[in-house]
Amino acid sequence: MATAALRSQVAAKWHEGFSRLNRTEQGISGLISFSQAWNIATDYLHPQDISDPTTVKKHDLTSVKVAFDMINRSRRLPVMLETFLDAICNQYHLITRDIVQYLAEYEQSADTSVMLRLVYRLVEWYRAWAPIDELGPTIRAAYTLTFQTQLFSILPPGFVRGFKDLCASTLVPVAQHTPEMWEAFEILGLTDRYEGIIASVGYERIEAYVRETCTAKWDKPCLEGLRGWMSVQIVPWMLPMYAKGALNTEDARGMLQNVGSRFDFHMNKTLCDLRTSEIFDIIIDFPDSMGALQDLKECLQRVDQRASLVQALRKANRKRLLHPGADTKLILTQYVATIKCLRIVDPPGVLLFKVADPIRRYLRERPDTIRSIVANLVGDDDSGDSLVDENEPIQPLQQLETEDYNDPNWDPEPIDAGPDFRTNKPSDVISTLVSIYDSKDLFVKELQVLLAQRLLAITDDNSEKVEKERRNIEILKIRFGEAALQVCEVMLKDMTDSKRIDGHVQSQKASIVHPTIISRHFWPSLESSDIVMPGQFQALQTEYAKEFSTFKPDKKLRWLPHLGTVHLELQLEDRTIETDVPPLEAAFIELFSEKNIWTMDELIGGVGTVDRIAALKALLTWVDLGVLKEDEENKFRLLEIAEEASPPPRAAPAAVEEPTVTAAQQQQADQMRLYWKFIEGMLTNLGALPLDRIQTMLRFAPGYDQTVEQLAGFMDAARREGLVVGRDGMWKLNR
Amino acid sequence: MKVTVKHWHAVAQWRWDTGAAEPEGPDAENEDVCGICRVPYEGCCPSCKMPGDDCPLIWGECTHVFHMHCLLKWIGTPASKQQCPMDRRTWVTAERKVATA
């Protein structure tokens, strides 16, 4: 039912198509010649199987060109192209067959040269199927695109692996065939598509190299060497890919800028990761690990890994340092090393602040931290390696300073600083250690205890040792301030005064007693004792005290008989023994000069009141020396004649115990005991009380200055002794 | 057996002989303090740093004993009227310490 209009329209279309193909030729001769040209052209373009030489046809290039020309004139090229591309798609199974074959071979041999051959083979295919250049770049580009799209669509996953291996194989050492290979990659469009893989080959190489050369090598900075290696090894490898078409070195450098900095970043990151994982050991090795720290500093400026460094170090510390098995001294040493190391890596101290926090909290809980620090301060250390650098200038302890915003050199805190970050800028190690605790009073107290121990241990008039202590105190005064160490000053003065007084007393009336006369209130509370020295000792004491009172008419002496040392000579029937012993030992042996056999209880009665354990210890000293023998339990006999059975008298004098000075903590407990009466009273009268109520009421007691925590500790101790019971936060007397 | 002491390094505390009875017990909680500064006699007055001979005591005829510096400072103020701060008798420094009570 076609209308006339439609009919005429179809006729016009047909006519137009016909005249285009037939051009202006007679009859249909134009049409025939076009169809010939079409056949020649399609035949020429038909993708052939290059692996089968029999099918390869030779073409007369001139006639082909003429044919293309004709088609072009008839404006049939687009259709031609479409046919051509369809043909490629249809023939692609030939290439697929090749790829599968090569990959199978590669899977078996794992030889990268197979991969290389595959790549070259693909190039061959590409070249064989390419249309002639006369057709213009558009057709060429369309062909390339189709070829590559097809190629990528059929490449199996195994190819990627092989490709990566191939790239890697060219990296060490830089192989000869590289330029052609890169060219082949380029032709096949592999460079663009697999750029990520190629780069990852470079990255992996860098990682492997960094691990291999830098692991556990901390003495020298590695970064410089790595950069050198990069420019020798990696850059030439990158050149054909990233700097293709570069005309001169300048050009190439410009092209490599971008990718080069990516590789450099990766190198930094790898090194940074490596050092982060090693950080704990690096700190242990300090200062021999200086190089590694410098590397780390430089890396951290490029790579933002500060947080992970902090985490790694905190984790390592928790696992390797802050556990009961570690010695306090060791923790302190490591802490100091950490301070020094992180100062190098991060001068503002943000990293340090974050890492130090758990260490400081842990140290605060340890009972002997202060003692360790103080012992180190006064150089009372067996190990010899001091926490403090000798060369470090001695500075006063630094107070936390508030920020001075008028300072023209003021810098804001680093961005990753937490809200409670405190800058303690150039502070030295000791200030940092002391700042673990809120007040330095604890240190001063512990220092006094330590000084007292050391001074009382000086037996003969050894002014040299006193001088040494004085020097120590002078140095510490700079740190802690004059006022805090006033007490120590008095202690030292007592030492020199004692010597002077003794000199005078001796000149008046020679005595074998050489006392150290101390000022009460200025020495840490010395353990009290009720020993009464027997026999000649008593006489010696009285005589000396009398002479002293003559010299200083308004003063009296009060002996602390359990302190000091006595040099004795025992004349026994068959031998003489000369030895240095503590006073209690001397007192016991004096008793034995009265009679030969004593029981333990008699002996204790003979010297006043003394702890059984202490008494036994003193007696055992003599047993060790072969002077006494414990015949039956608690019964001692003097050996006037050495017995065979007794152990040979030791040549060395009995170890002189350090004078017993109550540690600061003990003092606190003693102080607390004072208040026990109050607590007992209120619990009797008021029944069970909560802790804070007890605390409030104790506040009324004169001189009570304990915190609730201290009170809690004390109540807990009382509970252990069975004096009180605590239930649901209420305390009541245990009865 | 004969025990000979060759050398004895002893330790002792010094005390002011104030004439008061020696407080018994090791701790001697109720030890004497200067009536002015409330610091023990064996300590030193607030303006001193060294105890002992550098900060001596002063004995009054009235048997009261103070740190010398504390008392002199007190006597120096007009309000003192030259009296002993404890019993308001005119202060007379004793020649020597008072006889043992």
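Two residues are in contact if their C-beta atoms, placed from the backbone, lie within 7 Å. By this criterion A:Leu351 touches A:Arg306, A:Leu309, A:Val310, A:Leu342, A:Val345 and A:Asp346, with residues up to four places away in sequence left out.

## Model and numbering

This is a predicted model, in which local features need pLDDT of at least 70 and side-chain atom pairs count only at pLDDT 80 or more, while totals for chains, interfaces and linings use all residues. Residues are numbered from 1 along each chain as its sequence is written, and chains are lettered from A and ligands numbered from 1 in the order in which they are written.

## Nonpolar cores

A nonpolar core is a set of buried Ala, Val, Leu, Ile, Met, Phe, Trp, Tyr and Cys residues joined through C-beta atoms within 7 Å. A residue is buried if 20 or more other C-beta atoms lie within 10 Å of its own, exposed if 12 or fewer, and partly exposed in between, again with C-beta atoms placed from the backbone.

The largest nonpolar core has 113 residues, and A:Leu271, A:Leu351, A:Leu447, A:Met491, A:Ala587, A:Phe588 and A:Ile589 have the most contacts inside it. A second, separate core has 40 residues, including A:Ala67, A:Phe84, A:Tyr106 and A:Ile198.

## Interface between chains A and B

In the interface, 43 residues of chain A are in contact with 28 residues of chain B. At least two residues of the side of chain A that touches chain B come from each of helix H22 (486–508), strand E1 (516–518), helix H23 (535–551), strand E3 (555–571) and helix H24 (583–592) of chain A. Helices (H or I, at least four residues) and strands (E, at least two) are DSSP runs, numbered from the N terminus. E3(A) gives the largest share of this side, 15 residues.

The residues on the side of chain A that touches chain B divide into 20 nonpolar, 13 polar and ten charged. Here Ala, Val, Leu, Ile, Met, Phe, Trp, Tyr, Cys and Pro count as nonpolar, Asp, Glu, Lys and Arg as charged, and the others, Gly among them, as polar.

An open sheet of four strands has the order E1(A)-E1(B)-E3(A)-E4(A), with mixed pairing; two strands pair if DSSP finds at least two bridges between them. The edge strands, each pairing on one side only, are E1 and strand E4 (576–581) of chain A. E1(A) and strand E1 (residues 2–16) of chain B run parallel and are joined by three bridges, and A:Thr516 has B:Val11 as its bridge partner in E1(B).

Six bridges pair E3(A) with E4(A) in the antiparallel sense, and A:Leu570 stands opposite A:Ile577 in E4(A). H24(A) packs on the sheet and touches E3 and E4 of chain A together with E1 of chain B; its direction makes about 65° with that of E3(A). Axes are lines fitted to C-alpha atoms, for helices over the stretch in contact, and angles run from 0 to 180 degrees between N-to-C directions.

## Helices H20 and H21

The axes of helix H20 (residues 441–457) and helix H21 (residues 463–480) of chain A come within 12 Å and cross at roughly 175°. That makes H20(A) roughly antiparallel to H21(A), the class for angles over 145 degrees. A:Val444, A:Leu447, A:Leu451, A:Arg454 and A:Leu455 of H20(A) make the contact with A:Glu469, A:Leu476 and A:Phe480 of H21(A). The residues of this contact divide into six nonpolar, no polar and two charged.

How values were computed
Angles under 35 degrees count as roughly parallel, over 145 as roughly antiparallel, 65 to 115 as roughly perpendicular and the rest as oblique.
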